[in-house]
Structures are given as structure tokens and as C-alpha cells.
Amino acid sequence: MTHGIRTDTHSTRLDGPRGLRDTAAHYALLPLRVFLGITFVYAGLDKLTDSAFLKSGGAGSIGETMRAARGSAAVPALIDLALKSPVGFGYGIALGELAVGIGTLLGLLGRLAALGGALISLSLWLTVSWATSPYYYGNDLAYLMAWLPLILAGAPYLSLDAAWRTRRRRRSGGYR
């Protein structure tokens, strides 16, 4: 007996009946995506509009924050690298957070946006919040873990990625 591989099994589940449990499971990652997207957009905008943050020295500056965290960081070399140009690094983090947040909210290159968010969270955990004790008081590790399901799942619905995928399928005449 020969077994074939079905290529038509992927469905957006919008074309058939489903119960409340199926609907809830289908949209389970949407609240996480919205929360992380809004949080990262807010964090990026907050840094870009804070007059003290984007300076190499002084209270509340990126430079002072990094110098204060250097002694307790898991990877002080990351801080040393950033301290070569603290203002440039501050702009990089802020614009990175903004891009990740917008990409996550729109579902634009969802897995790539989630990977960017995870890398930002990982770098902050290994530097700024590493010394937080107990570890679960630090939020960067929790953000890192929150990005992982979105790296795995991407933005399969209510997203630009899903719209592009649907458009490609229609052009090619079926599921691929």
C-alpha cells in the first residue's frame, strides 16, 4: 500500500465550523504577540524621546546605566563593546525595539521579529538584569522566554505574513 503526503492540510480554520476550544487554541498566541509588540514599541519610543537616555554620561543616560551594570554582568565584554559608542548603541537598541515591536504587531516577518526581540532580551538579561536576585524578579529573562513561542509559530494569522502566504497560494493554484 502506498501512502501519499497531503499538501492541502494547512488551513486558516476560517473556512469551517469550530468550537470555542478550537477557536481559543487557534488564537492563543495573539495576546502574547500584541503584548510584546506594544511593549517593544513603547520601550523604543520611550528611549528615543527621553532627553537623558541617549547621552554617554549623566543621570539616566545609557552610558551611566551600562557602566553601573558592568561589574555584575554575566558577559561584561558586551557592555565594553557597547561603551565604545554608548549613544550609537542606545539608538540601536531603541530602533531595534521599535522595529521588533512594529514587526510583531503587524505580523511582518513574524519569526524574524520575534528572533530580534529574543536577542534584545537575551543581551539585556546577560548584562543589565543578570545580577537581579532572585532571578525571577528580572523581567528580561521572562521576555526572552515569551519570545520563544513566537519564534516557533511566527505570525500565522491576522498578519501580513498570513496575507502574503494566502496570496502566494492563490497565485500558484493551491497549497504549497
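Start by selecting Tyr-157: at 10% relative accessibility it counts as buried, because the cut-off for buried is under 20%. Keep in mind throughout that this is a predicted model.

**Stop 1: the partner of Tyr-157.** Now colour by position along the chain. Tyr-27 sits in the loop between α1 (20-26) and α2 (30-49). Tyr-157 sits in the loop between α7 (139-153) and α8 (160-172). The pair thus links distant parts of the chain, 130 residues apart.

**Stop 2: Phe-40 and Tyr-143.** Select these two next. Their ring centres lie 6.1 Å apart with planes at 70 degrees, so they too form an edge-to-face pair. Phe-40 belongs to helix α2 and Tyr-143 to helix α7, so the pair ties together parts 103 residues apart in sequence. Buried or exposed? Phe-40 is buried, with a relative accessible area of 6%. Tyr-143 is buried as well, at 19%.

Together with Phe-40 and Tyr-143 they form one aromatic cluster. How many aromatic pairs does the structure hold? The count is seven.

**Stop 3: a charge over a ring.** Select Lys-47 and Phe-53. The charged end of Lys-47 sits over the ring of Phe-53, 5.8 Å from the ring centre.

**Stop 4: the whole chain.** Zoom out and switch to cartoon. There are eight helices and zero strands. Along the sequence the pattern reads α-α-α-α-α-α-α-α. Of the 176 residues in the chain, 32% are buried. Among contacts with a separation of 6 or more, 66% are between residues 24 or more positions apart.

**Stop 5: helices α5 and α6.** Select residues 86-106 for α5 and 110-127 for α6. Their axes come within 8 Å and cross at roughly 140 degrees. The crossing is left-handed. Which residues make the contact? From α5, show Gly-96, Glu-97, Val-100, Gly-103 and Thr-104. From α6, show Ala-113, Gly-116, Gly-117, Ile-120 and Leu-124. Sorted by type, the residues of this contact are four nonpolar, five polar and one charged.

Stay here and pick Leu-109, in the loop between α5 and α6. Its phi is positive, about 50 degrees, although it is not a glycine. Most residues other than glycine have a negative phi. Leu-109 is partly exposed, with a relative accessible area of 49%.

Stop 6: Move to Leu-158, in the loop between α7 and α8. Phi of Leu-158 is near 50 degrees, a positive value in a residue other than glycine. Leu-158 counts as exposed, at 59% relative accessibility.

**Stop 7: a cis bond.** Where is Pro-134? Look in the loop between α6 and α7. A cis peptide bond joins Ser-133 to Pro-134, with omega about -5 degrees. Most peptide bonds are trans.

**Last stop: Thr-65.** Select Thr-65 in helix α3 (residues 62-70). At 34% relative accessibility it counts as partly exposed.

Notes
Residues are numbered from 1 along each chain as its sequence is written. This is a predicted model: local features need pLDDT of at least 70, side-chain atom pairs count only at pLDDT 80 or more; totals for chains, interfaces and linings use all residues. Side-chain values use heavy atoms; hydrogens and water are left out. Axes are lines fitted to C-alpha atoms, for helices over the stretch in contact, and angles run from 0 to 180 degrees between N-to-C directions. Helices (H or I, at least four residues) and strands (E, at least two) are DSSP runs, numbered from the N terminus. A crossing is left-handed if the near helix is turned anticlockwise from the far one by less than a right angle, and right-handed if clockwise. Contact means heavy atoms within 4.5 Å. Ala, Val, Leu, Ile, Met, Phe, Trp, Tyr, Cys and Pro count as nonpolar, Asp, Glu, Lys and Arg as charged, and the others, Gly among them, as polar. Rings of Phe, Tyr and Trp (its six-membered ring) pair if their centres lie within 6.5 Å; planes under 30 degrees apart count as stacked, over 60 as edge-to-face and the rest as tilted. Buried means under 20% relative accessible area, exposed over 50%, partly exposed in between (1.4 Å probe, protein chains only). A charge sits over a ring if NZ of Lys or CZ of Arg is within 6 Å of the ring centre and within 35 degrees of the ring normal.
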